[in-house]
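Please open the model in your viewer and keep the selection panel to hand. The tour moves from one selection to the next and says what is to be found at each stop.

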Amino acid sequence: MTDQTNIDMAACYSIHPTFLFRWEASQDAHVLLYPEGIVKLNETGGSILAHCDGDTTVTAMIDALATCYDAKRDAVAEGVVKFLEVAHAKGWIRAEPRR
Amino acid sequence: MPRVGSVPSLDGEGKPIWVLLELTYRCPLKCVFCSNPVDFERYGEEELSTAEWKRVMREARDLGAMQIGFSGGEPTLRKDLETLVAEANELGYYTNLITSGIGLTSRRLAALKEAGLKHIQLGFQSSDRQTANWLAGVDSFDRKLAMAREIKAHGFPMVLNVPITRHNIAQIPEIIELASSLGMEYLELANVQYYNWALLNRDELLPTREELAWAEAEVAKARRRLGDTMTIFFVIPDYYEGRPKACMNGWGSIHLTIAPDGAALPCSQARTLETLDFPTVREHSLEWLWRESPTFRKYRGAEWMKEPCRSCDEREHDFGGCRCQALLLTGDAANADPACSRSPHHHVIQEAVERAQAAKAGSGTLIARQGGLASGGGGA
C-alpha cells in the first residue's frame, strides 16, 4: 500500500507557507486559507494537517492518530498516506529537509 | 467583485466569508476598464476613518468572515493601510492586498509583511510598455515591473492579475512568459467584465470569438509547458459563454463589499443598481446590514426570480447570473442575466458580440477613467 507512494514515511511535512492552517470556530472545523480561497477540512483531514508541523515524521503521525482514534494502525496508515498524497499534490504541504 | 478564482470552495452557510474593503476610490491610474463607479469623485470626502474600518473588520469577523481583501481604487493611498492589515491579521483573517503597485515601496512592503499581510494581487495591463501605459492612462509599466520584483523579494505569494481586452489579448504568450519569469504563483488572465468604465468602452474592448479561441489554445499550451510551477486562470467573458456566471455565488450568499463611504454592497458593482438603497456601516451594524437589510434580502435565495429563471433547472447553480448586468442591459435587475441563452434579452449580448466582430481594434475612442463625467449608471 505504501510502497507505491511519493510520501516518505521518515519525512516531516509542514504546511506550505502560502497556506494558513487553523481552527475556525465559526465553521466548527479546521480550515486552510490561501490566496482567494478557503478549504474546510473534515475532522480527520484537520487532525492529519495538525500533525504537519515540520517536526513529526509520517510514521510518528500514524502512531499518534492510531492511538488518538483507537483504531487499527494499518487502516490509519492507509488513510493518512492517501490524504497526504492529495495534500501534497494540491501544494498544501511540503517535506522539510532532513536534519 | 466578480472575478475568476475569487469564490472559495465552501458554502458560506449564511456567513459573509469573503469581505472586500474598498478603502478608497482614489487612484493614480486612469484605466479604461476601471470597475469603480463612473461618479467615483462623489465619495472622496466620505471615506471611513481608521477606527471605523477597524470596527467593520471586527463585526465582519464576528459574522464568520475569514478572507479579507484590501482594495480600492488604490488602497496604498491610505496611510493607515499597515495599521488596518495588522488589525485584520490579529483578528484571524487571511489578508489579501489588491493593488496597482503604484504607491508601494520596499519600506512599505517590509511594514506590510511585518503587519502580517499574506498575499498580494498586482494589477498589470500588458507585457508591452507602450500598451500598458496607454491602457492605464499614465506611465506606470516600469514602476509596476519593479514592484512585482520587490514583492517577490519580500517573499509574498503573488497573483498577477491582467485584465484582458482586445488590446492585449494577442500578447497573452508574452504575458505568461513575463509572469513565469517573475516567479508568480498565479496568473489571472481576467477577461474584463463589462460594468462602469468598461461598459462605456465595451465596443472597443470586447475581443472577438476567434481571438478568444486562439488565446485559450495558447493558455492550454503554456499550462502543459509550465506544469505546477504557475497556475493560470483564464475564463472567457460571459458574453461568449451562453451561460451566465454564478455571480458572487449568489446575492448576499458569501460575499460582502464595503465601499469607501461605508456602504455595504453585495458586490462592488452593486452601486449601479440605482433602484436600491445602500445604507452604510455608519448608520447600522454590519449584522443588520448583512442579515436584515432590504438590499441584501432583495435577491437572496430564489424567491425574487422571474421566468425563465424561476422554473430553470440551473437556478441553484448559477443563481440567474448577475443582477447588475441584468439591470444594465435589460432595465430590470430581477430579469435573467442576458448572458444566458435562455434569457428573452439574450439578443442584446449577441448584438454586442456582433459589433465586436465587426469593429477594428483601435478604430474608435477609449474613454479614460476621469473626474467630471456625469453618472449615467449605464452603457453608452
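The stops below begin with the contact between the chains and then go on to individual sites.

This is a predicted model, in which local features need pLDDT of at least 70 and side-chain atom pairs count only at pLDDT 80 or more, while totals for chains, interfaces and linings use all residues. Residues are numbered from 1 along each chain as its sequence is written, chains are lettered from A and ligands numbered from 1 in the order in which they are written, and side-chain values use heavy atoms, with hydrogens and water left out.

**Where the chains meet**

Select the residues of each chain that touch the other chain, where contact means heavy atoms within 4.5 Å: chain B contributes 25 residues and chain A contributes 15 residues. Together the two chains bury about 1700 Å², of which 54% is on carbon and sulfur atoms; buried area here is the accessible area (1.4 Å probe) that two parts lose on being put together, summed over both.

Which side chains form the salt bridge between B:R61 and chain A's partner residue? Show B:R61 with A:E24, whose side chains meet at 2.9 Å, N to O, and which make up the one salt bridge that the rule finds across this interface. A salt bridge is counted when a side-chain nitrogen of Lys or Arg is within 4 Å of a carboxyl oxygen of Asp or Glu. On the chain B side, the elements that give two or more residues to the contact are β3 (94-99), β4 (119-123) and β6 (186-191); helices (H or I, at least four residues) and strands (E, at least two) are DSSP runs, numbered from the N terminus.

**The recorded binding site**

Next select B:C27, B:C31 and B:C34, which an unreviewed UniProt entry lists under "binding site"; UniProt positions are given in the numbering used here, feature names are shortened, and such annotations may be inferred rather than shown by experiment. B:C31 lies in the loop between β1 (18-22) and α1 (50-62) of chain B, and B:C34 is found in the loop between β1 and α1 of chain B.

Are these cysteines buried or exposed, B:C31 and B:C34? B:C31 counts as buried at 10% relative accessibility, and B:C34 is buried at 13%, where buried means under 20% relative accessible area, exposed over 50%, and partly exposed in between (1.4 Å probe, protein chains only). Not counting residues up to four places away in sequence, B:C31 touches B:Q125, B:L135, B:A136, B:W197 and B:R369, and with the same exclusion B:C34 touches B:Y195, B:N196, B:W197, B:A198 and B:R369.

**Backbone stops**

From B:C34, move to its contact B:N196, which is found in helix α7 (residues 196-200) of chain B and is buried, with a relative accessible area of 11%. Phi of B:N196 is near 45°, a positive value in a residue other than glycine. Most residues other than glycine have a negative phi, and most peptide bonds are trans. B:M248, in the loop between β7 (231-235) and β8 (255-258) of chain B, also has a positive phi, of about 55°.

For cis peptide bonds, select B:G72 and B:G73, where omega is near 15°, and then B:E307 and B:P308, where omega is near 5°. B:G73 lies in the loop between β2 (67-71) and α2 (81-91) of chain B, whereas B:P308 is in the loop between α11 (294-298) and α12 (315-318) of chain B.

**Salt bridges within chain B**

Over all chains the rule counts 25 salt bridges. Begin with B:R129 and B:D142, whose side chains meet at 2.8 Å, N to O; this pair links helix α4 (residues 129-136) with helix α5 (residues 141-153), 13 residues apart. B:R129 is partly exposed at 43% relative accessibility, and B:D142 is partly exposed at 44%.

Then show B:K152 and B:E185, which form a salt bridge at 2.8 Å, N to O. B:K152 lies in helix α5 and B:E185 in the loop between α6 (172-181) and β6 of chain B, so this pair ties together parts that are 33 residues apart in sequence. Finally, select B:R26, B:E47, B:R78 and B:D80, which are joined into one network by salt bridges that share partners.
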